[in-house]
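Please open the model in your viewer and keep the sequence panel beside it, so that each selection below can be followed step by step.

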Amino acid sequence: MKIIQSIGILLFLIGLAVFTAMPFLGNYTLTEELVLSSTKDIHQEKMAEVLAPMYGETYSSNFSFLSAYKVNFNEYNEALKAESKWDEVIWDDYSLPLAQTSLSSPVRDSPWLFFGLSIGLAVLGGLMYNLPKYRGEPEGIKNNGIFHSAMKNRGWMGMITGAYLILFYIILYWFPAYIVNQIWMVTPLSMLLSGNPASQWFLYGTIYTLAITVMGVRMFRKYRGNKYQQLRTASVMFFQTAFAFLIPEILVLLNQPYFDFKNIWPLDYDFFYDYQIDTFLSSGGVGMFMLIWGILLIVIGVPTFTYFFGKRWYCSWVCGCGGLAETLGDPYRQLSDKSVKAWKYERVIIHSVLVLAVVMTALTIVNYFSGFALLGNVTNQLHSIYGFAIGSVFAGVIGTGFYPFMGNRVWCRFGCPLAAYLGLVQRFKSRFRITTNGGQCISCGNCSTHCEMGIDVRWYAQRGQEIVRSSCVGCGVCSSVCPRGVLKLENGSTENRINEMPIIIGNDSIKINA
Amino acid sequence: MSSNRHVVIIGNGIAGITCARQLRKLDDTVKITVISGESTYFFSRTALMYVFMGHMKFEHTQPYENWFWEKNRIELKEAWVKSINFTSKNLLFQSGENMLYDELVIATGSKPNKFGWPGEDLQGVQGLYSKQDLELMEENTASGVKRAVIVGGGLIGIEMAEMLAYKKIPVTFLVRESGFWSNVLPKEESELVSRHMREHHIDLRLNEELDEIISDPNARVKAIRTKSGEEIECQFVGLTAGVTPSIDFLRNTELDINRGVKVDFGFQTNIPNVYSIGDCAEFHEVPAADRKPVEQVWYTGRMHGETLGYILAGKKVTYKPGIWFNSAKFLDIEYQTYGTVPARWDAEKVKSFYWEHAGGKISFRMLMDLQGKILGVNNFGFRLRHEFFDQAIREAWDGAKVISKLDKADFDPEFFAPYYIEIQKAFKSQFGGDVKVSKKTFIQKLFGASV
């Protein structure tokens, strides 16, 4: 087993190395035809002229190509800006499509080969590492050595992993022109699914889904014998693969709008943006269904399901961010901050994001109906600020990049406006709670340590209190790691859901109501 | 009660700390000081093993953040008490400092038993109780341990075995009795645990006693010899044959001491304004028929603390424990017990129902009196609800009623196999009577939850 696992790690690292080396492959040659075919009609003429100095020249790296592009493009734009000719400035960024089209590289020539050598090997290696885990050992959760690990306790491996993830997100969001090789690599897969070439988002979706799958297998091994953990892991794997990855692509193949049926506003913050609404309204019955479905989820789905099951129905069973956190992020769950101070920050920040999302959306809708009469520019500004700060930096770079530093639920805990909404329902109008089993708590702290949301579960359990917290995503790990069978996730009567027990059960010395 | 009195608690374990917290809740003005030489802040002793195995860091075992104590005006003093002058109400610390008290609570806990075995003080030989013991164990097992021997078949022993397994150190486990923890567990449960230990490759030796621990030239253990004459080479010996009150510094004073500090049901010692709670207290008589004069369990320590907190706040209460309960985890198998289930009982007076899952890791026992009223339960490998059994045993429910309602008592996570159905069937076939067997719920059928 050990040998298979070691080979697995080796294959994973080879795959990762190939993936990482890919941007440095190939060379870039731009021609006028390519410029004309990759730019909007209104910019074609100008761009063809601006980039003329680059034609025919072969750039040996993306760095030299993109810097030449930048020099030429900026020269043109800056001059116009200096003269305040704002109308003539080209605001579109063509670096990605131009880099894509001028690339000639072995990856572009044999995308499947490189897919196999990078992602394929990484997936295979990951499975070879995860599948034999705990083989021959009795069932039971082993958190052995987590805090002695360089990967899981902010050691050097964790630091490198975090830095790599952060760098990946920065490139993905703001410098995708540097990873055109990887985009070419997944293009045949994209053609297969949607009939369209891949974007950097398709690349991201592919990796994301595979990460959840491979690390979901790890969850099956780690929590073997624990039906709750296995079912909810299977559930997030299913929703990611089907709802987030395959169905939207297939919709596109069928000439329908790209739509993730399980993504709910305000996590899906652009649901009410004008271009989205226009898409829905112009796509006939299917588009209308999507619009109504999305609204029903917000106004009926969220409160109803959360009333009956708590916010876990979404956060740890359905959600894509949650899905990644619960699989890829599981090894880091113990790194969340449990202090009361962190809880205070959490409440301020997450509810601020919710308010911001609501205000922005309200303004957007008002503008949509008033033809952008009211604060039209402000709305656009807000969109771009929110998209940058919350959508990209918070949810992406920090949300995932910080797994090895602050635990796997940084975004869900501090940032997600949908989690805030679900949390308000869970806290004030829900049947869900974590029940404490009478007086059986021994204050050991396993529950708090392994709570990804940073809830100090023990604080309640050792008092015999039920745990009712807006942030709890119901992952059930506190219950799984409890050595004395003290915690159980339950949906029950809303009466006495929040209980204060001055004396814990089992001590008859003191009569409270006597 | 006078408002500027000074309550000093020696020992910051669960008993002492619970006492301090309860007292503060009930009395806003009293001055409270908690003394400990072991660690400045309260930590959960039961979690030390998890620190060793890397499940947690030591700070995770501390149930309260450090600001908690100042906020609640509970002063913490890190020091060892050397002696007490009960006449002048003065504590003398090892450092030479003094502290005056108005009321004193002795909650100094336990220490591992040592029975005078030859070689018991050698390097590499130790018990496991305190933070210092944990640090010592980390040092003792850092390198060069090819085999370890554990002496004494109780809860700390099996924890130690699990800890050593984490370091991949093979363990030989000597148990004097014919079954593991057989002074507490009935035969079947004891065998269940023994099987599981062997499944974890622990070399369990029943009916085997330690005779001598053998030293190498550097006063370090190199082997042990058993009573049957076998010599087992080992570099680490864990002494886990129970614990005893840690009250050596109180011997030969006017304080009345036997095994522990003698107290009445108000935790009052023979000296006015001096109290004792937790592991180190010994009641003049047992608090209930199924209890012992010295109670050395986390939960009883907590109850002692709760009760004394009330007493020190001037409430007229005495210690009256409710229905007994306890829990433990044997490697991967959880154990809970409610009510009275002794290791052995008189079959003339007590009826026993025992069910064990075919896999041999899950079991349920219920003892009933001759009328069939529930006395207590043991459950292994699945979870049962404390409140349910507290009520059922207190109200002396009929066994058949308990079994019929067992689905309500189930505390396993959602989607887990409904063992209670199998238990109900087994009870019905053994005892007949009016037993309702639960149906599988829709969800259980849907997800194929099978026993």
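This is a predicted model: local features need pLDDT of at least 70, side-chain atom pairs count only at pLDDT 80 or more; totals for chains, interfaces and linings use all residues.

## A sheet in chain B

Now select strand S1 (residues 6–10) and strand S7 (residues 103–106) of chain B, which run parallel and are joined by 4 bridges. Within this pair, B:Val8 stands opposite B:Leu104 in S7(B).

## The domains of chain B

Colour chain B by its three parts, namely domain 1 (6–111 + 244–312), domain 2 (125–241) and domain 3 (325–446). The centres of domain 2 and domain 3 of chain B, taken over C-alpha atoms, are separated by 32 Å, and their contact takes 16 residues from domain 2 and 13 residues from domain 3. On the domain 2 side of this contact, select helix H5 (155–166) and helix H6 (187–199) of chain B, each of which supplies at least two residues; H6(B) gives the largest share, 7 residues.

## Where chain B meets chain A

Show both chains together, and find the place where 47 residues of chain B are in contact with 41 residues of chain A. On the chain B side, helix H7 (298–312), strand S21 (325–330), strand S22 (333–339) and helix H8 (386–394) are the elements that give two or more residues, and H7(B) provides the largest share, 6 residues. By class, this side of chain B divides into 21 nonpolar, 13 polar and 13 charged residues.

## Two helices in chain A

For the last stop, select helix H12 (residues 274–281) and helix H13 (residues 284–309) of chain A, whose axes come within 6 Å and cross at roughly 130 degrees. The two helices H12(A) and H13(A) are therefore oblique to each other. Show the side chains where A:Thr279, A:Phe280 and A:Leu281 in H12(A) meet A:Gly287, A:Met288, A:Met290 and A:Leu291 in H13(A), a contact with 5 nonpolar, 2 polar and no charged residues.

Conventions. Residues are numbered from 1 along each chain as its sequence is written. Chains are lettered from A and ligands numbered from 1 in the order in which they are written. Axes are lines fitted to C-alpha atoms, for helices over the stretch in contact, and angles run from 0 to 180 degrees between N-to-C directions. Angles under 35 degrees count as roughly parallel, over 145 as roughly antiparallel, 65 to 115 as roughly perpendicular and the rest as oblique. Two residues are in contact if their C-beta atoms, placed from the backbone, lie within 7 Å. Ala, Val, Leu, Ile, Met, Phe, Trp, Tyr, Cys and Pro count as nonpolar, Asp, Glu, Lys and Arg as charged, and the others, Gly among them, as polar. Two strands pair if DSSP finds at least two bridges between them. Domain bounds come from an automatic or database domain assignment.
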